[in-house]
Amino acid sequence: MNASHILLLISGYFVLLLIISYFTGKNDSNEDFFKAGKQSPWYLVAFGMVGASLSGVTFISVPGWVDASQFSYMQVVFGYFLGYMVTAFVLLPIYYKQNVTSIYEYLDDRFGFVSYKVGAISFFISRVLGAAFRLFLVAIVLQQFVFDAWNVPFEITVILSILLIWVYTFRGGIKTIVWTDTLQTLFMLVSVGLSIYFILDKMDWTFIEFLNSPELGQYSKTIFTDDFSSKNHLVKSFLGGMFITICMTGLDQDMMQKNLTCKNLGEAQKNMVSFSIVLVVVTFIFMLLGALLFIYADTHNIAIPLMDGSPKSDLLFPEIALNSGLGITVAVTFMLGLIAAAYSSADSALTSLTTSFCVDFLNTEKKPKKEAKKIRRMTHIGMSVLLIMVVISFKYILDRNVIDGLLTVASYTYGPLLGLFSFGIFTKHQVKDKYVWIVALICVSIILVLAKLPNEYLGGYIFGYELLPLNGLLTFVGLWLIRSRPAVPSLNDIA
């Protein structure tokens, strides 16, 4: 499959998205852009969220991580599941009760203006970096396998990618994304299933033979409990995964914005529970795919592709799908799956950033409708330009597997959100609002220092994803130190 064929396929795919955008964006109101009129069917949201949660990072980076970490990522995924349950039955009732557009409005009601802005800024930084990670991944694949053949600079690849997202989201916003996510999830799952089928066929294996093979046994160790000081210990991975989900889903405007388009709380909770079960199963299938890719590469002497002179395991899946002779079906479905996986998270990130900035910083809900719509459109352009700049910068500063980098960044940026929401939900206290930003800044700084400490200073202990709950705990303690009189009922009082 050559570069021209891939570009033609991408063009056809985006024509399909534009058709969906045309029908879902006819209203072009801020209400539809931000909340989809609160008319989204829960099962549609649930299916679409699978693709948005997995994204291009899972599609490429998780399989590419298997050689280095085996199936240890599943320990994090088990933690994800518990985190989704907390989101469904603790956080969603609060958001629906307060009928928020931006979930950070809760912090304004609970603590005050500064806490609200700290929460909104934490999300904004987190989502810009998270979306940039995902977009960077698809951009390097397109660059490696399409645009390098035409000597197109990486920067142009990034600009074109984000421009396409802007075109089909600028009118319909979240209403468009609920529907495009469904299509994108379908393409992604079909792609993975067909890739596994054709690779197994090439190796003369049935799926059962693959599961029982000694080759899979070399990659499939899942539970790691030998060394608590190591980064991938079960307890650290599980707790880190749980808190990552609470933060990156339950305290994240991007993911919650889709849930808030459901008709009522009950439907939103059904969406969250069903989606979380499917996500665990699908992620395990991605791990199996990762092992199969490395087994296939070893059998057929396929080297891990280089990027800037260094092996890049994230590129193994596209290398095998496009250049190893598996046939046009695998190549086509891979590219459809890759594009779908990448853009299913990137388009919603662009929309949620626009929503948060308009509501949390520009107060568009208090402005006349015509003015608010104009502000929203200009903000959408501004967010697109910001993402372009950040993604391009990653080419020069990113030195790790993308999924690992994404989860590590979450440990720093989501900590203040975790501490603020926990303190608001589980205590009755108010805080001295004007000092909240100082608490958040100090806690993030402490976590940064801890993460950079040489492990010999800590007796060989290596910090992993437990930095996120630790960050949240430090923020909680800092808020306790600046607490004032009780003012609102706690979670127990509400129950």
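This is a short walk through a predicted model of a protein chain.

Start with the whole chain. The protein chain holds 21 helices and four strands. It has 495 residues, and 60% of them count as buried. The surface comes next. The chain exposes about 19300 Å², with carbon and sulfur atoms supplying 65% of that area. Contacts tell how the sequence folds back on itself. Take the contacts with a separation of 6 or more: residues 24 or more positions apart account for 86% of them.

Now look at one pair of helices. Two packed helices are described by the angle between their axes and the distance between the axes. Helix α1 covers residues 3-24, and helix α7 covers residues 154-169. Their axes come within 8 Å. They cross at roughly 25°. Angles under 35 degrees count as roughly parallel, so α1 is roughly parallel to α7. Which residues make the contact? On α1 they are Phe14, Leu17, Leu18 and Ser21. On α7 they are Leu164, Val167 and Tyr168. By type, the contact residues divide into six nonpolar, one polar and no charged. An α-helix has 3.6 residues a turn, so residues three or four places apart point the same way.

Move on to a single side chain in helix α4. Glutamine 75 lies in this helix, which runs over residues 73-98. Is glutamine 75 buried or exposed? Its relative accessibility is 0%, so glutamine 75 counts as buried. What surrounds glutamine 75? Leaving aside residues up to four places away in sequence, glutamine 75 touches Thr222, Ile223, Phe224, Asn232, His233, Leu234, Ser237 and Phe238. The side chains of glutamine 75 and serine 237 are joined by a polar contact of 3.5 Å.

Aspartate 109 counts as exposed because its relative accessibility is 54%, and the cut-off for exposed is over 50%. Glutamine 98 is 11 residues from aspartate 109 in sequence. In space, the two are 9.4 Å apart, C-alpha to C-alpha.

Next come two loops. Most residues other than glycine have a negative phi, and most peptide bonds are trans. Asparagine 151 has a positive phi, near 55°, and is a residue other than glycine. Asparagine 151 sits in the loop between α6 (113-145) and α7. With 70% relative accessibility, asparagine 151 counts as exposed. Then turn to asparagine 301. Its phi is positive too, at about 55°, although asparagine 301 is not a glycine. Where does asparagine 301 lie? It is in the loop between α13 (265-299) and β1 (306-307). Asparagine 301 is exposed, with a relative accessible area of 70%.

End with helix α14, at residues 316-323. Why is α14 described as largely enclosed by the rest of the structure? The reason is that seven of its eight residues are buried. The buried residues are Leu316, Phe317, Pro318, Glu319, Ile320, Ala321 and Leu322. After α14 comes glycine 325, with a positive phi near 80°.

Conventions: Residues numbered from 1 in each chain as written. Heavy atoms only, no water. Axes fitted to C-alpha atoms, helices over the stretch in contact; angles between N-to-C directions. Parallel < 35°, antiparallel > 145°, perpendicular 65-115°, else oblique. Contact = heavy atoms within 4.5 Å. Nonpolar A, V, L, I, M, F, W, Y, C, P; charged D, E, K, R; others polar. Buried < 20%, exposed > 50% of the residue type's maximum accessible area, 1.4 Å probe, protein only. Areas by Shrake-Rupley, 256 points an atom, 1.4 Å probe, with all protein chains shown as cover. Polar contact = N/O pair within 3.5 Å; in protein donor to acceptor, adjacent residues only side chain to side chain.
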